[in-house]
Amino acid sequence: MFVEWLTFLATHSRGENWKLPDEQFPWIVKRVMDSGFKSPMGYFAVGSLHLLPLWLYGVETSLLTKTLSVPKGVQSTALYVLIIGRVLCGIVELFYIKEYALHLLQNER
């Protein structure tokens, strides 16, 4: 939760065009941020950010198994895919936090 709030601060300090990546951004950040997250990698990252906690809850409480009859193999596969998406989202979040910290340090001088 702390990382999400730091990312919110870091991105919104860039102004109203915070969704537009700069040319010097790493390619992975550019792909996620393409068209304001409206790209395959953007949907994957943001979707995983939101769905992973729900999926973990479903696995932990056996909701997926008992109530929805989702096979264990499907649960595991979906869990791995969502974790990969969350890691992708985390990479972008950490990049924005790093850029914001560097910006603050440069303004100190």
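Reader: How many aromatic pairs are there, and what rule makes a pair?

Author: Two aromatic rings pair if their centres lie within 6.5 Å. By this rule, this predicted model has four aromatic pairs. Take W5 and F8: the ring centres are 5.7 Å apart and the planes stand at 80°. Planes over 60 degrees apart count as edge-to-face, so that is the label for W5 and F8.

Reader: Where do W5 and F8 lie?

Author: Both lie in helix α1, residues 2-12. They are three residues apart, about one turn of the helix.

Reader: How are the rings of F95 and Y96 arranged?

Author: Edge-to-face, because their planes are at 75°. The ring centres are 5.8 Å apart. F95 is buried at 10% relative accessibility. Y96 is buried too, at 3%.

Reader: Which residues do ring pairs link into a cluster?

Author: F25, F95 and Y96.

Reader: Now a loop residue. Where is V70, and what is it in contact with?

Author: V70 sits in the loop between α4 (63-67) and α5 (72-108). Its relative accessible area is 18%, so V70 is buried. Setting aside neighbours within four places in sequence, V70 is in contact with L64, T65 and Q75.

Reader: How far is V70 from P53?

Author: In sequence, 17 residues. In space, C-alpha to C-alpha, 17 Å.

Key
Residues are numbered from 1 along each chain as its sequence is written. This is a predicted model: local features need pLDDT of at least 70, side-chain atom pairs count only at pLDDT 80 or more; totals for chains, interfaces and linings use all residues. Side-chain values use heavy atoms; hydrogens and water are left out. Helices (H or I, at least four residues) and strands (E, at least two) are DSSP runs, numbered from the N terminus. Buried means under 20% relative accessible area, exposed over 50%, partly exposed in between (1.4 Å probe, protein chains only). Contact means heavy atoms within 4.5 Å. Rings of Phe, Tyr and Trp (its six-membered ring) pair if their centres lie within 6.5 Å; planes under 30 degrees apart count as stacked, over 60 as edge-to-face and the rest as tilted.
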